[in-house]
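Let's take a walk through a protein together, starting with the whole chain and then stopping at a few residues along the way. Have a look at the picture before reading on.

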Amino acid sequence: MAGQKSTTINDVAAAAGVSRATVSRALAGYGRISKDTVDHVRAVADSLGYRPNALAVAMRAGKTKTIGLVVISDFTNAFFDRATKSIIDRAKELGFRVLIQHSDEDVAVERVAVETMLANQVDGIILVPASTTKHSHLTPKKIAGKPVVIIDRKLDIQRFTTVTTGDEVAAEEAVLHASEFGHKKLGFLIAVPGIKGFTLEEPEIPITSVQERVDGFATGVSKAKASAFWIYCEDKQVIAEAAVEKLLDSPKAPSIIFTSNNDMLLAVLKVVGERGLTIGKDISVVTFDDSAWAAAMVPGITVVARPVEELGHIAVTELVETIEGNTKPKEIVLPAKLIKRGSVAKLNKSK
């Protein structure tokens with residue numbers, strides 16, 4: 001009924017004929033109190049429609065059963081969308097809620113997000129760091145000793161448990177697969193947080209997962225004795241499309257383009273489509289991270305698939321074990337897998 005006051009713990013205490021403290025103990029299940037009293041108080045609370053403040057009850061018990069997740073803001077990204085769902089699902093299985101903040105790939109925003117999580121009394125934090133080296137806000141004092149698990153990327157310190165994927169090995173495998181199909185002119189479109197526009201010179205790369213992909217691609221190029229055209233790009237669609245134009249219009253135009261994420265792939269597909277070119281025939285492509293649409297395309301897109309659901313599941317499990325004091329920091333690397341589809345054309349070896 002509009003305007004009706006919610007039932008309070010004082011109302012329950014008055015109706016049950018006990019003290020407020022007894023009601024708190026009976027409903028929270030702690031302290032020395034008889035079963036009959038517990039049953040009586042809970043029956044009265046139910047009859048009055050009283051619902052305790054779950055956060056207040058949890059805090060009195062020393063835990064809020066809440067996990068903070070700080071992730072990048074682009075939830076259209078296939079990897080982080082699925083990772084977030086996996087984390088929420090696993091947390092629910094273990095009796096935890098998840099509060100979500102985004103970093104927008106900005107350390108200053110990440111710092112505020114972490115502070116917000118701590119202000120909300122989370123029991124621990126799962127973090128996708130915006131930088132490998134800039135993490136002064138993650139010292140034990142700054143995070144008030146709260147457990148932290150780092151996912152997808154690494155920091156340059158071994159303070160927290162990290163759960164990442166073997167991107168470097170898989171990137172090398174992808175290049176060697178293309179070489180086996182006769183590709184010797186390779187193009188690489190790499191999204192790098194923090195840069196403006198695009199550049200042909202390798203910039204400082206602030207996150208380890210991107211650096212590992214670059215390193216893996218480079219090792220593959222060296223082993224395949226192929227030529228490579230590198231473009232490092234701001235993660236914006238219009239910039240990425242201009243970078244693809246640059247690749248395709250070069251005198252050393254590649255027969256295959258490797259992209260570091262799905263946003264870069266979308267730019268390739270748009271430009272290629274506008275030019276009337278056919279994927280898997282006129283131009284080949286390989287990207288990181290699988291998705292339903294990449295598999296459904298004709299031809300399907302060859303991808304480096306990372307075990308995203310497993311990563312999210314393990315991250316929550318490790319964090320909860322750390323919250324309960326049952327684990328020490330560790331480095332967990334899950335293997336990535338090259339899924340071969342029709343987007344890589346077979347060329348004559350002489351080309």
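Predicted model: local features only at pLDDT ≥ 70, side-chain atom pairs only at ≥ 80, totals over all residues.

The chain is built from twelve helices and 13 strands. How spread out is it? Its radius of gyration is 26 Å, while the globule rule gives 20 Å for 351 residues, so the chain is more spread out than a compact globule.

Of the 351 residues, 50% count as buried. The chain exposes about 16,800 Å² of surface, and carbon and sulfur atoms supply 53% of that. As for charge, there are 44 positive and 42 negative side chains, and the centres of these two sets lie 3 Å apart.

What about parts of the chain that meet across the sequence? Take the contacts with a separation of 6 or more: 72% of them come from residues 24 or more positions apart.

Time to zoom in. Find helix α8, which covers residues 208–224, and you'll spot Ser 222 there. Is this residue buried or exposed? Ser 222 has a relative accessibility of 54%, and because the cut-off for exposed is over 50%, it counts as exposed. Now look for Glu 172: it is 50 residues from Ser 222 in sequence, but in space the two are 9.7 Å apart, C-alpha to C-alpha.

Next, head to the loop between α10 (262–274) and β10 (284–288), where Thr 278 has its place. With 38% relative accessibility, Thr 278 counts as partly exposed, since that class takes in whatever falls between the 20% limit for buried and the 50% limit for exposed. Pro 299 is 21 residues away from Thr 278 in sequence, and their C-alpha atoms are 9.4 Å apart.

Our last stop is Ser 291, in the loop between β10 and α11 (292–296). Its relative accessibility is 11%, so Ser 291 counts as buried; the limit for that is under 20%. Which residues does Ser 291 touch, if you leave out those up to four places away in sequence? They are Ala 78 and Asn 262.

Notes. Residues numbered from 1 in each chain as written. Heavy atoms only, no water. Helix = DSSP H or I, 4+ residues; strand = E, 2+ residues; numbered from the N terminus. Buried < 20%, exposed > 50% of the residue type's maximum accessible area, 1.4 Å probe, protein only. Contact = heavy atoms within 4.5 Å. Rg over C-alpha atoms; globule rule 2.2 N^0.38 Å. Areas by Shrake-Rupley, 256 points an atom, 1.4 Å probe, with all protein chains shown as cover. Lys, Arg positive; Asp, Glu negative; His and termini not counted. Charge placed at Lys NZ, Arg CZ, Asp CG, Glu CD.
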